[in-house]
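Here's a quick briefing to read with the model open beside you. Have a look at the chains first, then work through the points below.

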Number of protein chains: 4
Amino acid sequence: MGSTFGTIFKTTTFGESHGLGVGAVVDGCPAGITISVDEIQLQLERRRPGQSRLSTPRQESDEVEILSGVEDGLTLGTPIGLLVRNRNQKPGDYRKMADIPRPSHADYSYRMKYGVTAQSGGGRASARETLARVAAGSVAEQFLRAVYGVEIVAWSSQIGGEELVLAESELETITRAGVDATIVRCPDRQKADLMTLAIESAASAQDSLGGVISCLCRNVPAGWGEPVFDKLDALLAQAMISIPAAKGFVSGSGFAAAAMTGFAHNDCFVKGGGGLKTETNFSGGIQGGISNGQLIHFKVAFKPVPTIGRAQKTADYEGHEVVLEGKGRHDPCVVPRAVPIVESMAALTLADLALRQSCTRF
Amino acid sequence: MGSTFGTIFKTTTFGESHGLGVGAVVDGCPAGITISVDEIQLQLERRRPGQSRLSTPRQESDEVEILSGVEDGLTLGTPIGLLVRNRNQKPGDYRKMADIPRPSHADYSYRMKYGVTAQSGGGRASARETLARVAAGSVAEQFLRAVYGVEIVAWSSQIGGEELVLAESELETITRAGVDATIVRCPDRQKADLMTLAIESAASAQDSLGGVISCLCRNVPAGWGEPVFDKLDALLAQAMISIPAAKGFVSGSGFAAAAMTGFAHNDCFVKGGGGLKTETNFSGGIQGGISNGQLIHFKVAFKPVPTIGRAQKTADYEGHEVVLEGKGRHDPCVVPRAVPIVESMAALTLADLALRQSCTRF
Amino acid sequence: MGSTFGTIFKTTTFGESHGLGVGAVVDGCPAGITISVDEIQLQLERRRPGQSRLSTPRQESDEVEILSGVEDGLTLGTPIGLLVRNRNQKPGDYRKMADIPRPSHADYSYRMKYGVTAQSGGGRASARETLARVAAGSVAEQFLRAVYGVEIVAWSSQIGGEELVLAESELETITRAGVDATIVRCPDRQKADLMTLAIESAASAQDSLGGVISCLCRNVPAGWGEPVFDKLDALLAQAMISIPAAKGFVSGSGFAAAAMTGFAHNDCFVKGGGGLKTETNFSGGIQGGISNGQLIHFKVAFKPVPTIGRAQKTADYEGHEVVLEGKGRHDPCVVPRAVPIVESMAALTLADLALRQSCTRF
Amino acid sequence: MGSTFGTIFKTTTFGESHGLGVGAVVDGCPAGITISVDEIQLQLERRRPGQSRLSTPRQESDEVEILSGVEDGLTLGTPIGLLVRNRNQKPGDYRKMADIPRPSHADYSYRMKYGVTAQSGGGRASARETLARVAAGSVAEQFLRAVYGVEIVAWSSQIGGEELVLAESELETITRAGVDATIVRCPDRQKADLMTLAIESAASAQDSLGGVISCLCRNVPAGWGEPVFDKLDALLAQAMISIPAAKGFVSGSGFAAAAMTGFAHNDCFVKGGGGLKTETNFSGGIQGGISNGQLIHFKVAFKPVPTIGRAQKTADYEGHEVVLEGKGRHDPCVVPRAVPIVESMAALTLADLALRQSCTRF
């Protein structure tokens with residue numbers, strides 16, 4: 001249960017890191033939309049391990065197949081099956097940890113939930129599952145851009161203690177190319193260098209770092225979001241917190257709003273954009289859970305990767321104290337690779353609400 | 001669309017502030033559960049306006065009727081219909097604002113979404129809708145307590161600049177009675193006084209304040225939460241951000257996790273509680289989106305109430321500049337009254353995941 | 001569980017015959033649709049007991065209230081709450097039967113399901129629940145007629161052994177007024193008289209009769225229905241069989257198709273109606289689960305009312321043999337009153353698929 | 001849209017006959033259930049074309065892969081990905097018919113729905129899609145048998161004009177082996193011979209035949225089925241009518257009930273089976289939409305295959321009259337091969353309702 005996201009544009013993912021493959025079925029994508037498999041592949045590459053010196057050298061070859069739903073590059077209106085075969089399975093690496101639940105990992109809670117101890121069980125909690133989200137998210141993004149001109153761009157806005165603070169006006173100029181210009185996916189080169197140093201320093205201590213990803217959605221028309229439970233920000237929150245390692249979500253002013261007064265926080269209207277726009281955007285483009293035509297802006301906090309080389313005292317399932325040292329190579333910081341995942345989940349959320357809005361007025 | 005929450009324990013709400021009433025249908029509550037209408041009423045009283053000097057004196061009489069699904073105090077397994085009639089409708093108050101979208105309110109985005117200009121349309125975005133959540137949430141809470149012993153308690157942990165910071169150990173002692181001992185619903189009397197002052201100061205400036213609500217869920221068994229999209233924290237995030245005025249959600253360490261290392265952040269296991277427990281709880285009781293048997297802990301940020309008496313320059317729907325002064329009496333801070341709403345949404349989330357978990361193992 | 005129908009145009013019903021009332025919440029009806037409460041009331045009157053000499057004289061006053069979602073006669077896009085209060089509760093009538101499960105009624109299976117023995121439990125299986133369907137169905141019908149010009153008409157095509165067989169060409173002229181011209185709701189007056197006699201004869205034997213309702217949906221555009229599980233005929237089948245006492249569903253040629261050859265059964269195309277039409281309509285207007293623009297045509301079989309005055313040997317819950325004689329007055333045949341219920345369920349099915357189709361092409 | 005079946009035990013299918021493959025994702029199957037891939041394969045073989053002289057000689061090699069969700073033969077509780085690659089694609093066969101909508105086929109309605117003309121579009125309406133249902137249905141069946149001892153068996157009870165009528169007592173002895181003993185899947189050898197002759201006679205006339213499949217579900221506990229819309233018989237009706245070519249569904253007495261009196265039709269109770277049983281079973285094991293512990297019994301009518309070799313006058317999309325002769329080899333009667341499809345859809349329906357019932361009482 002729980003592997004489907006969306007009401008009309010519905011994505012169902014499947015696959016463990018140790019099974020035959022990982023994939024998604026996208027049901028509800030309208031017919032006649034141009035879908036480029038190369039563009040899906042491109043987003044998968046941005047998520048792929050081993051793409052920079054900051055990432056585990058494990059070279060997964062993540063080639064996506066479109067099994068169904070697309071013919072001659074056009075969607076048929078039928079379910080789009082997407083599959084990425086697993087090739088680099090080394091079950092042995094994990095077998096030896098079978099008796100010790102890794103701290104702050106999903107091993108323990110999965111075992112308590114399902115009552116099975118399987119190498120593949122935890123594999124559903126692995127970052128590899130996010131492949132399916134990125135593949136499906138790219139389909140959603142291609143639909144959103146083609147029909148509405150929506151653009152989504154995310155970046156690393158904090159890694160460890162290094163935070164990039166931007167003025168509202170600076171948001172305009174951020175592009176995916178600009179983000180990808182640095183290996184940490186921070187559009188400010190100076191801050192990017194500091195972030196890179198922070199990751200390398202954590203890596204050399206066999207430790208890991210957390211961070212924050214910021215995301216913008218441009219050209220979202222006013223009116224998307226379904227009161228009262230499926231508000232745009234509420235579904236973005238679900239979508240983002242469902243990403244492995246996410247610990248927090250804010251839209252617009254976020255927790256800073258708590259300390260503000262209404263007078264300071266209110267986004268007053270002025271003429272503009274062919275109708276009304278707001279002078280400020282503390283709302284993050286969402287009012288009453290519905291897009292208001294302004295720039296949508298939100299952030300997601302990620303915890304540090306729990307798998308570290310540094311030795312930790314913990315307990316095995318029997319309760320015996322053990323010392324655990326993470327084997328193999330793991331990313332010391334997932335944030336740069338999580339950037340396309342955040343974009344993908346935003347696309348899946350928006351695509352569904354776009355279709356829902358198309359049923360609201362006649 | 002969007003007025004249903006939950007997959008098995010499903011709550012559908014209806015009602016505008018200017019219609020005949022507000023209510024909910026809870027479908028999927030198991031049969032044979034004892035439901036006290038008095039306990040529902042009690043939670044409604046905690047949400048009610050006019051309960052303290054900090055709140056608008058509007059005296060709504062919010063009496064709940066159980067229309068169906070309960071007989072002789074026991075659930076039948078059939079849908080539970082809950083209705084609170086509206087009695088204190090003053091449409092005139094709002095009519096005069098019909099031409100001016102209130103800043104940071106839902107007026108503008110609702111009109112863009114639905115294409116209708118109705119006093120009742122915005123009424124769905126009004127705080128009154130949350131009555132239905134509280135009534136349904138109380139049913140969920142009674143089910144959770146009866147079957148699993150789950151306890152949920154929330155409190156105001158920040159109002160404006162006044163923040164209550166608690167050590168992990170202090171969380172144990174927080175009770176709903178302790179929370180209700182102060183009118184701001186902060187369990188620390190000294191901090192509560194400062195919060196009260198802050199609200200009164202904002203009120204006297206015809207302004208408003210935001211804040212943060214913290215929430216604990218005790219005795220949640222390990223295993224609740226459905227990977228990968230319906231994780232416990234992901235659904236809590238949706239539930240919380242769906243509350244009017246919510247701007248942020250964190251579980252456990254939240255945004256602080258971004259600046260931590262894995263070594264510092266990992267919750268290592270030790271023997272305890274008849275199995276394993278964790279020494280720290282940065283995870284907030286949730287690992288891999290599944291409860292791990294530890295205390296569940298999350299926070300929700302609320303923006304300041306957008307309706308303020310203080311004059312603001314904004315524009316009407318035609319784009320003409322106008323000066324808006326909020327009429328009538330509005331709460332200068334919703335946070336104290338939102339405490340039972342947070343508890344209710346937590347209960348609705350947990351009740352559904354409890355039932356989903358009961359289908360996972362045989 | 002199970003009280004919600006539809007994916008976008010979603011109807012949730014609640015209420016037992018012995019509770020405070022019966023109602024529905026319609027979430028997903030588009031905004032700006034004109035809804036007449038009088039028209040809802042009219043359909044409720046057609047379903048009401050006591051409307052003719054063939055029906056129980058119990059005079060229920062079934063007045064519907066629109067609690068929310070409609071203002072000044074226009075839908076707001078928000079959930080439409082509909083409530084009919086119960087007034088004629090005589091729990092005593094049923095209390096005495098509490099120890100004996102009525103044959104072919106839902107008493108036994110409800111008790112096995114829910115583990116509770118409540119007068120109201122069985123009340124969910126009572127015909128009174130269908131009030132909510134008819135109220136919601138009228139909203140759906142008003143939407144379908146306003147936006148698409150869809151017309152739905154059903155009639156009693158068989159009662160006991162009396163069957164009205166019509167040629168394809170005769171279907172064109174059937175109207176709701178024509179159907180209502182006879183108390184059995186059969187548009188052929190001669191056949192109607194025979195049906196009336198059959199019911200009166202069963203009634204005088206303290207027995208009951210079954211029958212068949214036929215239904216037409218006119219002006220349904222080609223393209224409605226969602227492969228592969230939510231085909232138009234598949235959802236009509238669910239909708240119809242969910243009506244109390246329904247035992248069978250056919251569309252188009254139905255079981256007669258089994259004995260036909262492909263050559264005889266195929267609906268060949270000819271030019272017509274601005275595009276293509278079919279020369280015959282064995283498909284009943286649905287091909288591959290999708291409407292093809294021809295007349296939609298289906299039938300529903302209803303069993304005889306299980307509550308009869310005539311004495312039957314059966315057993316109580318303990319297994320002791322008892323003789324049961326139905327007390328009170330019950331309709332000897334539900335078919336005439338079920339006509340608007342069939343229409344309502346057809347409307348709910350079509351309204352949802354209409355909205356789903358509006359998301360399919362851009 | 002519409003490619004997902006079930007609420008808890010959810011099956012999503014994908015794939016066209018002309019794409020890379022056909023498959024299903026089963027989300028919600030409990031953890032720890034033994035799943036045999038051989039048993040899935042066996043059901044696929046029973047559905048496979050070319051298995052007898054009555055079927056098209058096209059030899060599809062339908063090998064199923066379990067992509068995820070099962071490890072060492074046990075379910076993990078995670079989504080079960082099932083894939084059958086297409087190998088025998090001959091797009092050319094269909095290309096030439098692109099301008100002519102085949103009568104009583106889905107070509108025309110698909111084009112009207114999706115606005116695309118693709119060889120693969122119609123491929124979603126092809127019988128090949130049912131592969132995915134059978135694979136998923138086998139998983140459901142293995143779960144039902146392991147946990148509840150449920151047994152499902154279907155057979156051809158009518159082909160063309162040849163109908164097998166069985167007494168209630170004869171139902172006890174029907175087994176899948178007995179059904180498979182004849183190539184038409186009729187457990188009565190004499191009747192089977194007549195059915196075979198009927199099919200061969202239709203085939204030699206380049207025509208096709210319809211038929212009826214009967215299905216029994218044994219050992220279903222009392223209590224399955226969710227009032228009011230998701231009744232057991234209502235969901236069976238949806239499931240069955242969603243099978244390509246299905247035109248009618250009845251449970252228990254079906255349309256015969258229309259002509260019966262309540263006294264004759266009522267299933268009176270007697271002591272038995274450790275509680276109560278019914279003397280007759282006109283209800284088909286379902287009362288008030290809930291299983292009552294008796295044998296579940298229903299029938300599905302199938303129309304004759306619309307693709308025939310015999311020449312028919314019809315029109316192309318432009319409205320020009322054309323003569324169409326079906327090329328290639330097609331089954332003259334789908335009924336024998338549809339037997340495992342009916343069983344599979346029954347299993348998917350029951351598995352979901354079993355899990356829903358497990359949330360109803362605590």
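Is Ile308(D) buried or exposed? Ile308(D) is buried, with 27 other C-beta atoms within 10 Å; the cut-offs are 20 or more other C-beta atoms within 10 Å for buried, 12 or fewer for exposed and anything in between for partly exposed, with C-beta atoms placed from the backbone.

Keep in mind that this is a predicted model, where local features need pLDDT of at least 70, side-chain atom pairs count only at pLDDT 80 or more, and totals for chains, interfaces and linings use all residues. Residues are numbered from 1 along each chain as its sequence is written, while chains are lettered from A and ligands numbered from 1 in the order in which they are written.

**Around Ile308(D)**

- You'll find Ile308(D) in the loop between β16 (296-302) and β17 (312-315) of chain D. Strands here are DSSP runs of E with at least two residues, helices are runs of H or I with at least four, and both are numbered from the N terminus.
- Setting aside neighbours within four places in sequence, Ile308(D) is in contact with Gln206(D), Asp207(D), Ser208(D) and Gly326(D), and also with Gly262(C) and Phe263(C) from chain C. Contact means that the C-beta atoms of two residues, placed from the backbone, lie within 7 Å.
- Asp331(D) is 23 residues away from Ile308(D) along the chain, and their C-alpha atoms are separated by 9.0 Å.

**Helix α7 in chain D**

- One of those contacts, Gln206(D), follows α7(D) and has a positive phi, near 55°.
- The helix covers residues 189-204, and its end C-alpha atoms are 22 Å apart, which agrees with the 22 Å that its 16 residues should span at 1.5 Å a residue. That expected span is 1.5 Å times one less than the number of residues.
- Which residues of α7(D) are buried? They are Lys191(D), Ala192(D), Met195(D), Thr196(D), Ala198(D), Ile199(D), Ala202(D) and Ala203(D).
- Looking down the axis of α7(D), these buried residues fall within an arc of 160°, so they line one face of the helix. The arc is that of the directions from the helix axis to the C-beta atoms.
- On the other side of α7(D), Arg189(D), Gln190(D) and Ser204(D) are exposed.
- The cover over the buried residues of α7(D) includes β8 (151-159) and β9 (162-163) of chain D.

**How the copies are arranged**

- As background, two copies of a chain are related by a rotation about an axis and a shift along it.
- Chain C superposes on chain D with a rotation of 180° and 0.0 Å of shift along its axis, at an RMSD of 0.0 Å. The two copies are thus related as by a two-fold rotation axis.
- Chain A can be laid on chain C by a turn of 180° and a shift of 0.0 Å along the axis, with an RMSD of 0.0 Å.
- For that pair, 100% of the interface residues of chain A are also interface residues in chain C, so the copies meet through the same surface.
- Chain A and chain C each put twelve residues into their contact. On the chain A side, these divide into seven nonpolar, four polar and one charged. Ala, Val, Leu, Ile, Met, Phe, Trp, Tyr, Cys and Pro count as nonpolar, Asp, Glu, Lys and Arg as charged, and the others, Gly among them, as polar.

**Chain A and Val70(A)**

- Chain A has ten helices and 18 strands, and 67% of its 362 residues count as buried.
- Its C-alpha atoms fill a box of roughly 65 × 50 × 35 Å, taken along the principal axes.
- Among contacts in chain A between residues at least 6 apart in sequence, 72% join residues at least 24 apart.
- Val70(A) is found in strand β5 (residues 70-71) of chain A and counts as buried, with 26 C-beta neighbours inside 10 Å.
- Leaving out neighbours within four places in sequence, Val70(A) is in contact with Ile35(A), Thr75(A), Leu76(A) and Ile80(A).
- The C-alpha atoms of Val70(A) and Ile80(A) are separated by 6.7 Å, with the two residues ten apart along the chain.

How values were computed
Copies are superposed by least squares on the C-alpha atoms of residues with pLDDT of at least 70 in both.
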